[in-house]
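Welcome! Please take a moment to look over the sequence and the 3D view, and then we can walk through them together.

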Amino acid sequence: MKTDKTFNKLVSQSLAESIDQRSMIHLARELIPDYNIQAYSNLPASLDIPRLDIARQIVDDMSRFNLLIPFINVFFSIQSKGYKGRKYKISKLRNIVVTLFDMGFSIDPVTGQVYEDPQYRISKNWGVLQQGVDYTFTFVWYDIVQSTIHLKKNSHRDVLFFYQKYHNLVRSATESRNGRIWHIEGDGVLTAFHFGDHSSKALYSSIEVLHSLFSYNTFENILDNPVQIRVGLNTGVTEYIDNHDMLKTKDPVMDTIKLENISPPNSAVATNTVMTSIEGVLASAFTPYDSKKSGSYFIYSLQWENS
Amino acid sequence: MNIYVFTNSKKIGSLFDSLLKDYELFIYKRDMFNTSIDSINPGDLVYYDIQGLEADQLYLSISDFVDKAAINFGIIDPKSEIASISDLFFAGFCDYISKKELAYPITPGRIKKIRSYKNFNLPDKVIMNSSLRMNIKKADKGWHSIQEGKEYSFYILYFRLEEVTQLQNHFGYKFTESIINTVRDYLKSYFGALDGKLWITDYNKALFLFPYKDNNQNIFMGIFNFLLNKILFSGEILKSPVIVNPTIILHLGNVTYLNEDMAGKSVSNSLNLIFHAANSYVTPGNFYLSDTVFGCIPPTIASFFRRAPSFEGHDFMIMKNQIINSQE
């Protein structure tokens, strides 16, 4: 997204007051590897230029390429993680954060990363992820058990009505936890979580969808049979790709979708990678599950006594 | 006597509509049979649609019926799949609705004949009707109708958080208190949306009142969904290390309404029953319905309850447990 001049000025000042010229350019190259400040400006090929001029040029260039928010994320990380072995204190941090909130962004409490506030905007990349860059995601794949039977036994209108309801249930459980729906293909829905404690958020969202469908079956179902779903969850590192066909070829996504062959109906099955740091309530709810088909997983099933 | 119909056909279900004037009628989908049967009272009449069942399924279903002989069963056979109708009657069934008969509505006259043939012995006390014996004092406009000092019928909900010791061990006393406050605030907002008002609080216990009025069945769905989602409530809202299993008792009774400051001075049989049950009857961590409530709840929810021992002259139902932590 494009940012306004006042904000750009604020970030330029902060950059100039926090970090030396050479490091500023190195930071810019984190996002544009061959970044050459002279290529976009009339600045001389010398570093004997005022810091503020360089900072302004970098911020303007980042803004022009819609990279200012990712650049701010890189910039913010130097305060907590340091940069090339040195720690920095970011000047005007508070002012930048307050302005970002006003612009509809939030700060992830776990990573300190800036992302779009879902109350204002919901885009597939949270407004900040870059095409082709690797990130860690927790993916959730929802699939309706024997969906073709519902299509055969019910009117087209009733099935469409149900699908709308189902997609809304998944959307609500996902987006309320800052996840994103990445792809819908009929009864299959792929969601992704990246910010915060993304594994827990994904697990909770899957439980909410299972429960909401159970309530739907109990109180509202207009179809001839109860609707059952299978849910698969997997955490992995993959590059962010906007194109779904290409995304589906990535291992962490393929591994997630394959879980529909393992998950029993009305259950969510998670791989070890999702459960690595899970404790408390979720660790009680998801118990070890030895699939006869392949390997060890964790499972949550909705069951009642005597039923 | 209540009539239950288990069928997957909306058309067949609608054939029983003419019985609504004289009987309580509940139409369920057929796969609800196993979960609903325990909540059906002796003396009730149950119709079961056998259309599309495989031969072995049919055999199992019929055996199941015979085992539950205290309830009266009829068969609906839209495709004439039963080879020997007489065998059904020898096995204790009381009605058989054939394909041809399904062209017409089922009439009250037919039920009268069945009752005469079967010589129904209705139980003296049918739980489903006990709320009707109460002197109901409705508040049609909810809290807008309620005046202090006057008696009204309320759904009275008792709530007790049971995991206090575990929370204290994990978080300490002070933080546990803040969790209890979170629970209270959450419940105030959650039940407030269902017209419930927090009336009495005592540390980890709370008593809510919901004015009795027509069409307030949302209360049952609300409590049901709250318990269904207790994992999310425990983990995401309370940040609790354990899944909380609150004790909940729901009773329909008459109470003289006093404002919250004076609530502790209100005296009624209903309040006595709830407090006695909470202290000396319930198994902690369960959801109980008293007999006055059970007749009001939607059949879909009723199927998630089973009978519990009676207490102080009242019958109770207990909600079946959701199984968490099971290994398939």
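## Where the two chains meet

In this predicted model, 28 residues of chain B are in contact with 25 residues of chain A.

| Element of chain B | Residues |
|---|---|
| α2 | 33–36 |
| α8 | 218–228 |
| α9 | 230–237 |
| β13 | 322–323 |

Of these, α9(B) gives the most, with five residues. Sorted by class, the side of chain B that touches chain A has 14 polar, ten nonpolar and four charged residues.

The strand β13(B) also pairs with a strand from the other chain. Its partner is β10 of chain A (residues 303–304), and the two run in the antiparallel sense over two bridges.

Now let us visit one residue of chain A. A:Leu282 is part of helix α12 of chain A, which covers residues 280–285. Is A:Leu282 buried or exposed? A:Leu282 counts as buried, because 24 C-beta neighbours lie inside 10 Å and the cut-off for a buried residue is 20 or more.

Which residues is A:Leu282 in contact with, leaving aside its neighbours within four places in sequence? They are A:Ser200, A:Leu203 and, from chain B, B:Gly235. A:Leu203 is 79 residues away from A:Leu282 in sequence, while their C-alpha atoms are 7.6 Å apart in space.

How values were computed: Residues numbered from 1 in each chain as written. Chains lettered and ligands numbered in written order. Predicted model: local features only at pLDDT ≥ 70, side-chain atom pairs only at ≥ 80, totals over all residues. Contact = placed C-beta atoms within 7 Å. Helix = DSSP H or I, 4+ residues; strand = E, 2+ residues; numbered from the N terminus. Nonpolar A, V, L, I, M, F, W, Y, C, P; charged D, E, K, R; others polar. Pairing = 2+ DSSP bridges. Buried ≥ 20, exposed ≤ 12 C-beta atoms within 10 Å, placed from the backbone.
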